[in-house]
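Colleague: I'd like a close look at one part of this model rather than a tour of the whole thing. Could you pick a single spot and walk me through its surroundings?

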Amino acid sequence: MAVTFSDLHTADGLKALEAHLAGKTYVSGDAISKDDVKVFAAVPSKPGAEFPNAARWYETVFATLASRFPGKAVGVNLPGAGSAPAAPAAEAAKDDDDDDLDLFGDETEDDKKAAEERAAAKASAKKKESGKSSVLMDVKPWDDETDMKKLEEAVRSVQMEGLTWGACKELLSVCIIAAYLFACDIQLKYFYVAAKLVPVGYGIKKMTIMLTIVDDLVSVDSLIEDHLTMEPINEYVQSCDIVAFNKI
């Protein structure tokens, strides 16, 4: 059954609201509804201390509406509305029942799509902020007859998001890898842009190559097991070893 309130801009009207809200959080039911919005529109300001139930209810509805409309209000003056009966405001709120705007309605398809787009944007931003690592890798051929040029081409043919072959200019722990490179008699120019063939023995050479990865996107173990040592690359590559792994 509908509840009727009148003259909510007066003490008598607030007394009726105060009595109705005794033991209740909202005007109707256990959750905020359009009934609360209608009554709220008819109450010109927060009720005083003599109306504790009404004051508590007013603050609750105010907080809910404020969260729905986060823009900063500067105030609006409505001449002649200060002491006017609340009936016109309540009637206007009643007319809004047929409007498309439903502050507390179910989530629409557009709302869901917007939420998904925000989540995707956050995920993308997180990927961009992810840390990077620089990896020095030894790639070993099957024998001395393996075409090392084709081996390098095959290795570099592996492309994926977050993987860069040969780029390591951001590396901070340069000393560790530089020491290895000098030990293998590798010129520093290869440290940044190219691969280097290093003699192993019996005419066999291994290829030492640098790569940079985005940690959240590329796993070195998966790169080796699922790509570098699988067909067709394993026609040239016998195995791969990680020589150095450093966070950038």
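Modeller: One term before we start: a residue is called buried when its relative accessible area is under 20%. Keep in mind that this is a predicted model. By that cut-off, buried residues account for 31% of the chain's 248 residues.

Let's zoom in on Leu223, which sits in helix 9, covering residues 220-228. Leu223 counts as buried because its relative accessibility is 2%, and the cut-off is under 20%. So what does Leu223 touch, leaving aside residues up to four places away in sequence? The list runs to Met137, Val158, Met160, Leu163, Trp165, Leu211 and Leu228. Take Val158 from that list: Leu223 and Val158 are 65 residues apart in sequence, yet their C-alpha atoms lie 8.6 Å apart in space.

Stepping back, the chain has nine helices and five strands, in the order α-α-α-α-α-β-α-β-α-α-β-β-α-β. Of the contacts between residues at least 6 apart in sequence, 72% link residues at least 24 apart.

A word on confidence: the average pLDDT for the chain is 79, and 71% of the residues reach at least 70. Over residues 81-94 the pLDDT stays under 50, and the model gives that stretch nine contacts beyond four places in sequence. Residues 185-193 are also below 50, with 24 contacts in the model beyond near neighbours in sequence.

Technical notes. Residues are numbered from 1 along each chain as its sequence is written. This is a predicted model: local features need pLDDT of at least 70, side-chain atom pairs count only at pLDDT 80 or more; totals for chains, interfaces and linings use all residues. Side-chain values use heavy atoms; hydrogens and water are left out. Helices (H or I, at least four residues) and strands (E, at least two) are DSSP runs, numbered from the N terminus. Buried means under 20% relative accessible area, exposed over 50%, partly exposed in between (1.4 Å probe, protein chains only). Contact means heavy atoms within 4.5 Å. pLDDT is the predictor's confidence in each residue, from 0 to 100.
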